[in-house]
Amino acid sequence: MGVKEIITVISVLLLLFPSTVKPRAVGGAQPAGGPQGGAPEGGGGGTLDVVAQFGAKADEKTDLSQPLLNAWKEACASPAPSQIVIPAGTFLLSRAVLEGPCKGPVDIQVQGTIKAPPDPSHFKDDNWVIFSRIEGFTMSGGGIFDGQGALAWSKNDCHKKKKCTLFPVNIRFNFLTNAYIHDITTKDSKQFNVNVLGCKNITFEHFTVLNPEHSLNTDGIHIGRSDGVTILHSEIKTGDDCISLGDGSKNVVVNGISCGPGHGISIGSLGKYQGEEPVAGIKIANCTITNTMNGVRIKSWPASYPGTASDMHFEDITMDNVSNPIIIDQQYCPWNLCDLKNPSRIKLSNISFKNIRGTAAGKEAVKIICSAGFPCEGVELADIDLTYTGPDGPAISQCSNVSPKLSGKQNPPICAAPAPTSPGGQAGPPKASPGGKASPGGKASLGATA
């Protein structure tokens, strides 16, 4: 089981049984997320400053958890719109679980920097900040969520074994409806930066992810079992997928993203678990992908459970020194422990790659390896121009079990060479799934992807 898939399963369990999770506090302070984030009756809306009104201190020592939870309870109880302000300064936050349903809209202005405890042993599970079951939620302010993950990265063993230690996701958005998050930065997460699970109509804009290239399993934004996710004009630098979409991802728009370093933008992996929901209605456009392991990718496991993924479109994308710019891989097998004799049972259909140009860091610029049991249908490639200048000759493409529709420029010539018997080396180390990626549900929301 991959890190992402494990994380998704854990996330689902945590959502189903939240009362069993008891966060550990720092410095003897009361943990945030105590019973639930809902609030007693009362509250009149307006602005709630966690420092001026609730005693928070920007000294990097005093835990922000209880002041933030108290402000949340008051805001959530108000039928009138409320705003919580975390002012400029640097705050220590052991953990926060901010839950609805709320009586009115709540906005959080994060103007300062919020830091997690650096030692991963502080955490009893893979959660740091959770926003759950809220309608009409907004967050902005130019602030930073700093996971202080360096120590966790040095302890990450998910590239060595399937069952590995799961570390906290920086921010989880669980079951939100009509949410807007903008001008926020998440950095140095111990595992996934953001996990989106069970949301409907949630938008990220001018959102920044900053993790170093060597940080394992630190997906920028992972989406699972959500409908209507939009990511606009954002910058993502990380050690894993910039954006990853698990099962049940529907009507997702990604536009104007700068991705890299990292592993590119991925749909999947799919088919690992029974009961996965269909993926449908994905549009990735106007993105620049730089110095990444992959560009745009769709992946499913061999010998998989049945499923479908359709209406996936990649357009107007610039590749700059990307190892595997265009990939469909239905023999995805990161540990080489798969049953490659039995094909994937994920049916892929209605897929397009249009106006994708730039430079490849590897010879195989286009690789479309579809299932022998369920060949890809409705694949279109138009105006592809990917160059490779390595010593082993110009760029090539490889295809199997697909008859794509081709138009416009085709560089390299598409499907001009047979596919190898094994799936190349683009997989990278397996991911850990921090509770929010999906196994049934978008990788369960543990939060990992491979």
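**Aromatic contacts, core packing and local backbone features**

In the predicted model, Arg-133 lies over the face of Phe-175, at 4.5 Å from the ring centre.

The protein chain contains 450 residues, of which 58% are buried. Its secondary structure comprises three helices and 31 strands. Among contacts with a sequence separation of 6 or more, 78% are between residues 24 or more positions apart. The accessible surface of the chain amounts to about 15600 Å², and carbon and sulfur atoms contribute 52% of that area.

Aromatic pairing was examined next. A search of the whole structure returned eight aromatic pairs. One of them is formed by Trp-72 and Phe-137, with an edge-to-face geometry, a centre-to-centre distance of 6.3 Å and an angle of 65° between the planes. This pair links distant parts of the chain, since Trp-72 belongs to helix H2 (residues 65-76) and Phe-137 to strand S8 (residues 137-140), 65 residues apart. Both Trp-72 and Phe-137 are buried. The rings of Phe-131 and Phe-173 are stacked, because their centres are 5.6 Å apart and their planes lie at 10°, with planes under 30 degrees apart counting as stacked. Phe-131 is located in strand S7 (residues 127-132) and Phe-173 in strand S10 (residues 169-174), so this pair ties together parts of the chain that are 42 residues apart in sequence. Phe-131 has a relative accessible area of 2% and is therefore buried; Phe-173 is likewise buried, at 0%. Ring pairs join Trp-72, Phe-131, Phe-137, Phe-173, Phe-204 and Phe-207 into a cluster.

The largest nonpolar core has 94 residues, and Phe-131, Phe-173 and Phe-314 touch the most other members. When residues up to four places away in sequence are not counted, Phe-173 touches Phe-131, Phe-137, Met-139, Ile-181, Val-194, Asn-195, Val-196, Leu-197, Cys-199, Ile-202 and Phe-204.

Two aspartates in loops were considered in turn. Asp-247 is placed in the loop between strand S17 (243-245) and strand S18 (250-255). With a relative accessibility of 1%, Asp-247 counts as buried, because the cut-off for burial is under 20%. The side chain of Asp-247 makes a polar contact of 2.9 Å with the side chain of Arg-225.

Asp-339 occupies the loop between strand S24 (324-329) and strand S25 (346-360). At 34% relative accessibility, Asp-339 counts as partly exposed. The side chain of Asp-339 makes a polar contact with the side chain of Asn-342, at 2.4 Å. Beyond residues up to four places away in sequence, Asp-339 touches Pro-302 and Ala-303. The C-alpha atoms of Asp-339 and Ser-304 are separated by 9.3 Å, while the two residues are 35 residues apart along the chain.

Several backbone features were also identified. A cis peptide bond, with omega of about 20°, joins Gly-268 and Ser-269; Ser-269 is found in strand S20 (residues 265-270). Another cis peptide bond joins Asn-411 and Pro-412, where omega is about 5°. Pro-412 is situated in the loop between strand S29 (405-411) and strand S30 (435-437).

Positive phi values occur at two asparagines. Asn-251 has phi near 55°, a positive value in a residue other than glycine, and is found in strand S18. At 45% relative accessibility, Asn-251 counts as partly exposed. For Asn-291, which is not a glycine either, phi is positive at about 55°. Asn-291 is found in the loop between strand S21 (279-290) and strand S22 (294-300), and its relative accessibility of 41% places Asn-291 in the partly exposed class.

Conventions: Residues are numbered from 1 along each chain as its sequence is written. This is a predicted model: local features need pLDDT of at least 70, side-chain atom pairs count only at pLDDT 80 or more; totals for chains, interfaces and linings use all residues. Side-chain values use heavy atoms; hydrogens and water are left out. A nonpolar core is a set of buried Ala, Val, Leu, Ile, Met, Phe, Trp, Tyr and Cys residues joined through side-chain atoms within 4.5 Å. Buried means under 20% relative accessible area, exposed over 50%, partly exposed in between (1.4 Å probe, protein chains only). Contact means heavy atoms within 4.5 Å. Helices (H or I, at least four residues) and strands (E, at least two) are DSSP runs, numbered from the N terminus. A polar contact is a pair of N or O atoms within 3.5 Å; within protein, one must be able to donate a hydrogen and the other to accept it, and residues adjacent in sequence count only if both atoms are side-chain atoms. Rings of Phe, Tyr and Trp (its six-membered ring) pair if their centres lie within 6.5 Å; planes under 30 degrees apart count as stacked, over 60 as edge-to-face and the rest as tilted. A charge sits over a ring if NZ of Lys or CZ of Arg is within 6 Å of the ring centre and within 35 degrees of the ring normal. Accessible areas come from the Shrake-Rupley method with a 1.4 Å probe; for residues, only the protein chains shown count as cover.
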